[in-house]
Amino acid sequence: MQKNWDDHVATIRQNINEKRAEHDLKVAKKDADVAEGDAAFAIDYAYGAIEEAEYAVLDATLARMDADALASG
């Protein structure tokens, strides 16, 4: 009787451990998906900032050319 009970408890513990591992895997995959999304957003944001900086440089260059032309002319 004790052996049957011990086997039963061992089976239940095994099932619980398997469910816990499945849950941990699902959580880990979800965390990885969120982290990848955050990384993609950060890259897009940085790329947008670089594009804005390029336009700012072009605007500054044109403004300097206009100022120089007015000063010399």
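User: What makes the buried share of the 73 residues in the protein chain what it is, and how large is that share?

Analyst: In this predicted model, buried residues make up 0% of the 73 residues in the protein chain. To be called buried, a residue must have under 20% relative accessible area.

User: Why is Tyr45 called exposed?

Analyst: Tyr45, which lies in helix 1, has a relative accessible area of 61%. Exposed means over 50%, and therefore Tyr45 is placed in the exposed class.

User: Which class does Gln2 belong to, and how do you know?

Analyst: Gln2, also a residue of helix 1, has a relative accessible area of 53%. Because the cut-off for exposed is over 50%, Gln2 counts as exposed.

User: Why is the contact between Lys3 and Asp7 called a salt bridge?

Analyst: The closest N and O atoms of Lys3 and Asp7 are 3.3 Å apart. A salt bridge requires a side-chain nitrogen of Lys or Arg within 4 Å of a carboxyl oxygen of Asp or Glu, so the pair of Lys3 and Asp7 meets that criterion. The structure holds one salt bridge.

User: Are the two partners, Lys3 and Asp7, exposed or partly exposed?

Analyst: Lys3 has a relative accessible area of 57% and is exposed, whereas Asp7, at 37%, counts as partly exposed.

User: How do you know whether the protein chain is spread out or a compact globule?

Analyst: The protein chain has one helix and zero strands. Its radius of gyration is 31 Å, well over the 11 Å that the globule rule gives for 73 residues, so the chain is more spread out than a compact globule. Along the principal axes, the C-alpha atoms fill a box of roughly 105 × 10 × 5 Å.

User: What separations in space go with separations in sequence for Gln2 and Glu18, and for Tyr45 and Asp6?

Analyst: Gln2 and Glu18 are 16 residues apart in sequence, and their C-alpha atoms are 24 Å apart. For Tyr45 and Asp6, 39 residues apart along the chain, the C-alpha separation is 58 Å.

Conventions. Residues are numbered from 1 along each chain as its sequence is written. This is a predicted model: local features need pLDDT of at least 70, side-chain atom pairs count only at pLDDT 80 or more; totals for chains, interfaces and linings use all residues. Side-chain values use heavy atoms; hydrogens and water are left out. Buried means under 20% relative accessible area, exposed over 50%, partly exposed in between (1.4 Å probe, protein chains only). Helices (H or I, at least four residues) and strands (E, at least two) are DSSP runs, numbered from the N terminus. The radius of gyration is taken over C-alpha atoms; the globule rule is 2.2 Å times the number of residues to the power 0.38.
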